[in-house]
Structure formats: C-alpha cells, structure tokens
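Here are my notes on this model, point by point. Please read them with the coordinates open.

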Amino acid sequence: MTEPRNHAAALETVITGMRAREHALRDRTHAELFDRVPSYRAVPHELLDQVWARHFERVLGVLRDGRVPPSRDIDEAEVARDRVTRGVSLSDGLRAFRRALGAMRDLFLAEATRLGLDPLVVIDRTRALWELADKESAQIALVHREAEISAALFDAQRRAAFLRGLLFGTLSAAEIHSGAAIYGLDPARAYRAIRARPDTGPGVDTGPGMARLARSLDTLCRSHGRTAMIAVMDEAVAGVVEAKPVVGELAVTAGLGPPTALGQVHRSFRTAGRLLDAAGAYGLRGAYDLGDLSWRVAVASEPELSELLVDRHLRPLAAEGEFGGLIEESVRAYFALGRHIGAAAEHLHVHVNTLRYRLRRFEELTGARLDTPDTVVEISWALAARDVRSAAPCSAALD
C-alpha cells in the first residue's frame with residue numbers, strides 16, 4: 001500500500017509517540033512475563049531488553065513501510081539457543097513473543113487513535129503486524145526445535161563421553177565428581193559396571209534395539225529409588241548401576257562387575273565384559289555376576305585347556321555310540337545332584353544299578369576316578385566346555 005505524504009507524516013508522528021512510551025511498555029510487559037511465565041525468570045533482564053529492542057524496531061519498520069520482511073531476514077536462532085539452554089520451552093517462548101508483539105500492536109492502535117490516523121492505514125498496518133506475528137512465530141518455532149535437537153544431541157554426546165571416561169578410567173577425580181553431580185550419581189556410594197547385549201539366540205525372533213535396550217535397562221536399574229547411568233557404547237549397552245537388575249522377560253544378556261567406588265569402576269567394567277562373554281558363550285539370558293557363573297567364567301576364556309579336558313574325559317565316550325551319550329548324561333546328572341546316586345537315578349528315571357553301571361563304564365573308558373577331587377573339577381570343566389560349544393556363538397565383548 002502506497003500512502004500519500006500526509007499519511008507518511010502521520011505515521012511518523014505515531015511512531016514518534018510509540019518511541020516515547022516504549023520503555024514504560026517494555027518494563028510493564030516484562031514484569032507481567034516474569035509473573036505469568038515462570039521459566040522466563042531464568043532469562044536476564046538485559047537479554048530480554050535486547051530482544052525487545054530488535055522486535056520493536058522491526059515493528060516500526062513494518063508500520064513505516066507496510067511491508068513484512070522475508071523469513072530469511074528474521075534471525076532468531078541465537079535467542080532460541082539461549083532459551084533452550086535456560087530451560088524455556090517452545091510454548092513459553094511463543095507466549096512471550098506474542099505477548100510482546102501484542103503489546104506493541106496495542107501501543108500502535110492507541111497512538112493511531114489518539115493522533116487520528118486514517119482508519120484505512122490503521123487496518124492495513126494492523127494486518128501487516130498480524131502477518132509479521134505469523135511469520136516470526138513460524139521462524140521462532142523452527143529455530144527453537146532445531147536448537148532443542150542440537151542441545152539434546154550435545155547433552156547426549158557429553159553424557160556418553162563422561163560415561164566412557166568413567167568406564168575406561170580416563171577421568172580425573174575432579175571430572176568424576178563434577179560429572180556425578182550433573183548426572184545424579186553419588187560419589188559416596190558403590191556402583192557396579194554393566195555390559196549388555198540384546199539376546200538374539202534360539203527362540204528369540206528379534207532382540208530389542210540397542211537404544212531401546214538401554215532405555216529398558218535404565219528404567220529397571222532405577223527402580224526403588226536407585227540411581228543408574230546407562231547408554232549405548234560401541235556394539236553393546238554399558239553403564240553403572242547400584243544393584244543387579246531383575247530383567248524378567250527382557251531379551252538381554254548382561255554381565256555385572258563387582259561393587260566399587262566410582263573412581264575404580266573401570267575395574268568393575270573389565271570384569272563385566274568377561275562375564276558378558278561367558279554368559280553369551282553359554283547361551284544364557286539374564287544378568288549375571290561372578291557369584292552366578294563362578295569358575296565357569298574361566299571355561300569360556302581358556303579354550304586350549306577346555307579342549308584338553310574334553311579330549312581326556314568326553315571324547316572317549318564317542319566310541320560307545322548312542323550309549324556314550326547316555327553315559328555323559330548320567331555323569332552330568334550325578335555331578336549336578338551333588339554325586340548323590342539315588343537322586344541322580346530318580347532324575348534320569350533309571351534304576352540305581354543302571355546308573356552305577358554307566359558311571360563304572362565312564363571310568364573304564366576314560367581311566368578317571370569319579371571319587372577324586374581333581375577328577376571332579378576336570379570333568380565339570382569338560383562338561384561346561386561342551387555346553388559352550390553347543391551354545392549359540394557370542395560376539396566379542398568390548399575391549
């Protein structure tokens with residue numbers, strides 16, 4: 001819209017009147033903002049004054065020219081990033097902007113009415129201010145969401161870096177204490193490292209994705225008021241927990257290290273890796289610590305010794321064909337039930353004399369004595385090694 005010179009002069013008079021009342025309006029609007037939008041109490045007054053001044057000059061430019069600037073000339077990215085870091089939500093940011101622009105529009109209408117500005121000019125400029133509000137609102141929403149995404153990504157990266165440093169022992173004591181304060185860990189408490197992977201073994205259609213598994217474990221480990229910090233790390237889920245989680249039906253295999261101070265949790269992390277490897281080697285689902293797996297952890301990590309003991313105590317049974325399999329089954333039951341021959345026979349649904357014959361035949365084929373401590377250890381190791389071979393292969397743990 002092109003106005004005659006008298007309209008332009010009248011607009012300048014209105015603008016002059018608006019400038020005279022600007023600071024009082026600004027202070028009143030900001031006071032109402034702090035009262036009605038609590039998140040803005042974290043924003044310093046001087047920053048709000050700067051943003052107000054920029055918006056006010058933009059409004060005056062629209063009133064003077066009757067044209068709304070293109071979106072590319074409306075840059076609110078820095079403001080959006082600042083509000084996100086101060087915890088101001090997008091809805092609060094838009095409320096603040098609309099309150100400010102509404103106050104400026106009302107000031108224009110008041111001055112235009114007081115000075116008798118042509119109603120057609122008032123209608124045209126009010127329409128332009130509504131267009132400016134719509135365009136700026138869209139731009140603010142866009143950059144605020146981008147800033148939120150960037151802030152969340154940065155926080156996730158910083159959190160992952162702290163957790164990695166904690167688990168690999170590369171943080172100083174000061175860094176541990178400052179990070180613990182940020183992420184809600186208590187340096188006075190003992191924590192256990194955890195390493196976990198989705199269980200994708202037989203009978204599992206698809207294990208949970210890594211990110212979903214991390215969220216599920218974090219929820220489980222935080223139950224009953226406990227603290228935890230868990231994230232995806234390399235090809236596994238890893239973190240620190242206060243207590244061993246009860247995973248229930250969650251399709252996961254996890255290893256837990258022993259409780260230790262935060263500054264020493266990297267040692268617990270190494271143990272958690274060995275336990276995860278061992279549990280995976282046996283095809284187990286659930287969370288396991290050293291008390292659960294005991295000496296069986298060594299079986300998974302000593303393949304040469306395992307091969308030797310399998311050759312010594314189990315391979316000779318192959319000469320008996322199917323009966324050799326029955327002999328191995330009988331030895332397993334005998335050991336599993338504390339070498340109680342009656343209980344083992346009942347478990348196998350055979351007569352005790354049948355079981356005695358099978359055990360005697362085992363001794364004849366292998367040259368071993370089932371009543372000597374060393375032999376009990378070696379046969380138990382060989383049977384566990386056979387279990388490892390029959391289980392689904394396990395991916396290598398984190399280094």
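**Notes on the predicted model**

1. Start at the end of helix H8. Gly-283 follows H8 and has a positive phi, near 70°. The model is a predicted one, and the points below should be read that way.

2. H8 itself covers residues 265-281. Its 17 residues should span 24 Å at 1.5 Å a residue, and the end C-alpha atoms are 24 Å apart, so the two values agree. Of those 17 residues, 13 are buried, so H8 is largely enclosed by the rest of the structure.

3. What lies on either side of H8? Thr-260 sits in the loop between strand E4 (252-256) and H8. Leu-284 sits in the loop between H8 and strand E5 (286-288). Thr-260 is buried, at 16% relative accessible area, under the 20% cut-off. Leu-284 is partly exposed, at 27%.

4. Thr-260 touches Arg-189, Ala-190, Tyr-191, Val-265 and Ser-268. Leu-284 touches Thr-253, Ala-279 and Leu-293.

5. Helix H15 runs over residues 373-390. Its 18 residues should span 26 Å at 1.5 Å a residue; the end C-alpha atoms are 26 Å apart, which agrees. The buried residues of H15 are Thr-375, Val-376, Ile-379, Ser-380, Trp-381, Ala-382, Leu-383, Ala-384 and Ala-385.

6. Which helices do the buried residues of H15 pack against? They pack against helix H10 (296-301), helix H11 (303-313), helix H12 (322-336) and helix H14 (352-366).

7. Helix H13 (residues 341-348) packs against H14 at an angle of about 105°, and the axes are 9 Å apart. The two helices are therefore roughly perpendicular to each other. H13 brings Ile-341, Gly-342, Ala-344, Ala-345 and Leu-348 to the contact. H14 brings Val-352, Leu-355, Arg-356 and Leu-359. By class, the residues of this contact are seven nonpolar, one polar and one charged.

8. Two backbone values deserve a look. Arg-339 has a positive phi of about 55°, although it is not a glycine. Arg-339 is in the loop between H12 and H13, and it is partly exposed, with a relative accessible area of 40%. Asp-234 is also not a glycine, and its phi is positive, near 60°. Asp-234 is in the loop between strand E2 (228-233) and strand E3 (236-241).

9. Now the nonpolar cores. The largest has 32 residues, and Met-18, Phe-108, Leu-117 and Leu-132 touch the most other members. Helix H1 (5-36), helix H2 (45-65), helix H4 (90-115) and helix H5 (119-168) are the elements that give two or more residues to this core. H4 gives the largest share, 10 residues.

10. Not counting residues up to four places away in sequence, Leu-117 touches His-7, Ala-10, Leu-11, Val-14, Phe-108, Ala-112 and Val-122. Another core lies apart from the largest one. This other core has 26 residues, among them Ala-344, Leu-348, Ile-379 and Ala-382. Ala-344 and Leu-348 also take part in the contact of H13 with H14, and Ile-379 and Ala-382 are among the buried residues of H15.

11. Ala-141 is in H5 and is buried, with a relative accessible area of 10%. Ala-141 and Leu-250 are 109 residues apart in sequence and 38 Å apart in space, C-alpha to C-alpha. Gly-165 is buried, at 5% relative accessible area. Beyond four places in sequence, Gly-165 is in contact with Thr-170 and Leu-171. Its C-alpha is 8.8 Å from that of Ile-176, 11 residues away in sequence.

Key:
Residues are numbered from 1 along each chain as its sequence is written. This is a predicted model: local features need pLDDT of at least 70, side-chain atom pairs count only at pLDDT 80 or more; totals for chains, interfaces and linings use all residues. Side-chain values use heavy atoms; hydrogens and water are left out. Helices (H or I, at least four residues) and strands (E, at least two) are DSSP runs, numbered from the N terminus. The expected span of a helix is 1.5 Å times one less than its number of residues. Buried means under 20% relative accessible area, exposed over 50%, partly exposed in between (1.4 Å probe, protein chains only). Contact means heavy atoms within 4.5 Å. Axes are lines fitted to C-alpha atoms, for helices over the stretch in contact, and angles run from 0 to 180 degrees between N-to-C directions. Angles under 35 degrees count as roughly parallel, over 145 as roughly antiparallel, 65 to 115 as roughly perpendicular and the rest as oblique. Ala, Val, Leu, Ile, Met, Phe, Trp, Tyr, Cys and Pro count as nonpolar, Asp, Glu, Lys and Arg as charged, and the others, Gly among them, as polar. A nonpolar core is a set of buried Ala, Val, Leu, Ile, Met, Phe, Trp, Tyr and Cys residues joined through side-chain atoms within 4.5 Å.
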